[in-house]
Amino acid sequence: MRSAVRFRETGLEHVLAQWEDRWAFRGCIAADRTQDPQPARLVSLPEDLPPPLRDALSARGVSALYTHQGEAIRHARAGRHVVVATPTASGKSLCYVIPILERLIREPEARALLLFPTKALSRDQEDAIRRMIRDAGVDATGLSAVTYDGDTPADARARARDSSRIIFTNPDMLHAGILPHHASWAKFFSGLRFVVIDEVHTYRGVFGSHVANVLRRLKRVAAFHGARPTFVLSSATIANPREHAAELVGDEVGLVDESGSPQGRRRFILYNPPVVNAELGIRASYRKETARIASDLVLADVATIVFAGSRNGVEVILKYLQDSLARDGLDRSLVEGYRGGYLPDTRRRIERGLRDGSVRGVVATSALELGIDIGEIDACVCAGWPGSVAALWQRSGRAGRRGGLSLTILVASSNPIDQFLAREPEFLLGAPVEHARIDPDNLEILLPHVKCAAFELPFDVDETYGGLKLEDTREMLGFLVGKRVLCESGGRFHWMADAYPASHVSLRRGGWENFVVIDEVHDKVIAEMDFRGAHTMLHEHAIYQHEGEQWEVTRLDYENRKGYVRKLAPDYYTDAMTYTKVHVLDEFGTGRSGVGPTAWGEVSIVEKVVGFKKIKFYTHENVGYGDVRLPDLQMHTTAFWVTLPEDEVRALLVPRAEVLDGLGGLGSALHDVAAMTLMCDPHDLGHTLGDKSDETMPPGKEGSIGFDPTLFVYDGYPGGVGLAEQLHQSRAAILSRTRALVASCPCKAGCPACVGPADGSPRKTVALAILDRLLADPACDAG
């Protein structure tokens with residue numbers, strides 16, 4: 001329960017009025033829009049619902065359905081696959097809960113499988129459906145619902161397999177813990193009537209491509225046991241919900257995308273921090289401005305969620321916000337952090353605090369974009385561009401669940417894409433939401449799942465897999481026979497290897513091997529960290545930030561995946577520095593952009609953390625450096641690249657070092673524009689400056705003869721998901737938009753909003769000269 005807290009004058013309207021009177025705030029507003037409220041559109045509940053289910057709905061205050069709920073339920077009851085793509089907090093869960101409980105009440109042998117992208121969301125939905133089962137009074141009849149994931153004890157797993165009629169899980173557990181053991185789940189699979197896939201907009205890129213293959217295997221196993229389940233999918237607003245859902249489940253899918261839920265008045269503000277150094281084009285820290293805005297809201301008792309773009313960002317903003325509360329005499333625990341790496345008990349404590357009001361603000365990564373119940377939030381503050389239009393409106397939808405006034409503020413960072421949106425806010429306000437893209441037939445993803453499928457069930461000689469043609473399926477199976485993984489006998493392909501294939505296939509980018517973070521004084525695990533993140537946040541002498549506190553990493557046991565930390569109170573945090581090398585393995589397509597040859601193809605990426613900076617809190621000064629010695633991170637993926645030939649380097653008539661400096665600044669702007677053009681998250685792409693014939697430019701080679709500087713923009717996922725080819729096809733538009741972004745920036749020589757701070761070099765002038773050469777040929781997109 002909420003403790004008695006003495007706030008300032010309260011309410012969102014009060015805060016907005018204060019800001020209106022504050023000239024400095026008004027002068028930073030790049031856009032301010034208000035969306036009018038919308039009334040609910042309702043339809044009647046189906047008249048033939050079982051009385052227990054009708055009673056359970058009545059107990060929850062549901063006497064009618066929103067129009068989108070009614071339409072989706074009609075699809076599901078008729079056995080038609082359907083995807084519901086409506087805004088956050090529009091009641092999508094009833095679209096699958098009602099038809100599932102109706103079927104399970106009427107048919108004692110029926111079963112349902114509900115897939116959620118995270119454990120936290122799975123357990124949150126389990127609690128909600130269990131309450132509804134109790135309200136219906138059918139829990140005593142054996143209608144049980146159980147979460148089956150990595151945290152489920154062994155004895156509970158056996159009970160779930162044998163008797164539970166509703167299973168909540170995640171794709172990882174389905175892939176590695178259920179499908180390979182489907183014989184033990186025969187009763188469940190034979191009765192499988194519904195499969196729910198929640199938050200399908202999160203199943204994109206490599207993760208989504210893996211999940212599509214897991215669903216192919218699920219359908220194959222279900223068919224073996226005599227079941228053909230109906231798929232009900234839910235999604236936040238994306239550009240292609242029907243196509244994306246159909247590609248995931250491998251079948252035609254109906255679409256429900258017109259919401260009938262009510263919507264309160266919504267206000268959106270795009271806030272651009274004030275310029276603090278006009279000569280260098282430097283603006284006030286967006287993290288400090290975010291903390292100041294959030295502090296005003298929390299101090300007025302406005303329930304607030306702050307989204308940061310990284311785990312470090314969460315912890316820095318959380319510290320600033322908690323420090324602000326302490327200065328006003330309020331408890332620091334009124335604001336909490338929420339991100340990957342927090343232990344499950346910590347996350348659940350924070351979720352409870354948000355629901356009961358004892359926590360009035362939370363600083364989170366995208367982990368809270370999803371539909372976990374966190375109570376009623378009135379304001380959402382985004383620290384920097386979240387990477388896509390869809391993500392921005394998904395985060396915005398977390399506020400305003402009461403139906404009253406809600407507020408979303410996007411605080412622009414100094415990154416080029418943020419500053420472009422601040423200069424051209426209509427682009428953002430009128431921009432379409434992005435597509436969700438997957439490539440389930442990517443060979444690096446497909447082949448491991450064919451192995452898993454063969455382990456689960458032998459392949460018939462005339463059987464196809466997923467969307468493959470028969471001859472392609474046979475070719476793949478024949479390849480595995482040649483590798484002595486399968487053997488062909490009696491018209492079937494049987495698994496013959498000793499290995500357990502699912503254990504070697506990770507669905508997610510980070511891999512299986514998490515590190516644990518250990519308080520060395522109390523010998524207690526306080527957090528966990530994914531494999532890639534450990535290289536940048538758990539190296540020795542890093543300041544690991546956790547729940548607003550700082551810990552120094554005293555030792556990293558790399559082999560055993562353990563990081564040992566000791567609590568400190570430093571006045572700085574650390575930021576890792578990485579060095580990326582690219583080596584071209586194969587060219588799939590070539591062309592030209594003006595004077596520069598272009599291509600796309602397969603590359604090897606080697607990323608190494610070479611050191612770290614010490615960044616002082618509040619001033620963000622660089623106060624020191626340190627070395628890091630850890631193994632490299634390697635990945636094969638696809639990339640687009642454009643080369644500036646040696647003779648063109650000389651033709652610019654400036655020192656070679658300045659050409660390379662201009663190319664480096666150009667690469668940053670090109671990366672952001674590429675993400676906007678493809679409507680993908682900037683984190684889906686990487687970029688670096690290198691040499692197409694060798695590797696990324698090593699220190700000291702800048703003046704070498706014969707080095708052709710090359711800008712690489714690469715797909716950030718192993719194997720790639722098709723972004724590199726699209727970049728090559730769209731290169732003219734991307735280069736043209738990059739030039740427009742750089743040229744429209746009001747700075748003279750370069751700043752963080754275009755090509756980066758110039759530090760006395762003609763970086764911006766050189767970057768524009770290079771772009772002019774790359775755009776000189778009007779037929780630059782030919783080939």
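Visitor: Where is the place of Ala89?
Guide: This is a predicted model, where local features need pLDDT of at least 70, side-chain atom pairs count only at pLDDT 80 or more, and totals for chains, interfaces and linings use all residues. Residues are numbered from 1 along each chain as its sequence is written, and side-chain values use heavy atoms, with hydrogens and water left out. Helices (H or I, at least four residues) and strands (E, at least two) are DSSP runs, numbered from the N terminus. Ala89 lies in the loop between strand 4 (82-85) and helix 5 (93-106).

Visitor: What does Ala89 count as, by relative accessibility?
Guide: Buried means under 20% relative accessible area, exposed over 50%, and partly exposed in between (1.4 Å probe, protein chains only). Ala89 has 45% relative accessibility, so Ala89 counts as partly exposed.

Visitor: Why are helix 22 and helix 24 oblique to each other?
Guide: Angles run from 0 to 180 degrees between N-to-C directions, with axes fitted to C-alpha atoms over the stretch in contact. Under 35 degrees is roughly parallel, over 145 roughly antiparallel, 65 to 115 roughly perpendicular, and the rest oblique. Helix 22 and helix 24 (residues 731-744), their axes 9 Å apart, pack at an angle of about 120 degrees. They are therefore oblique, at about 120 degrees.
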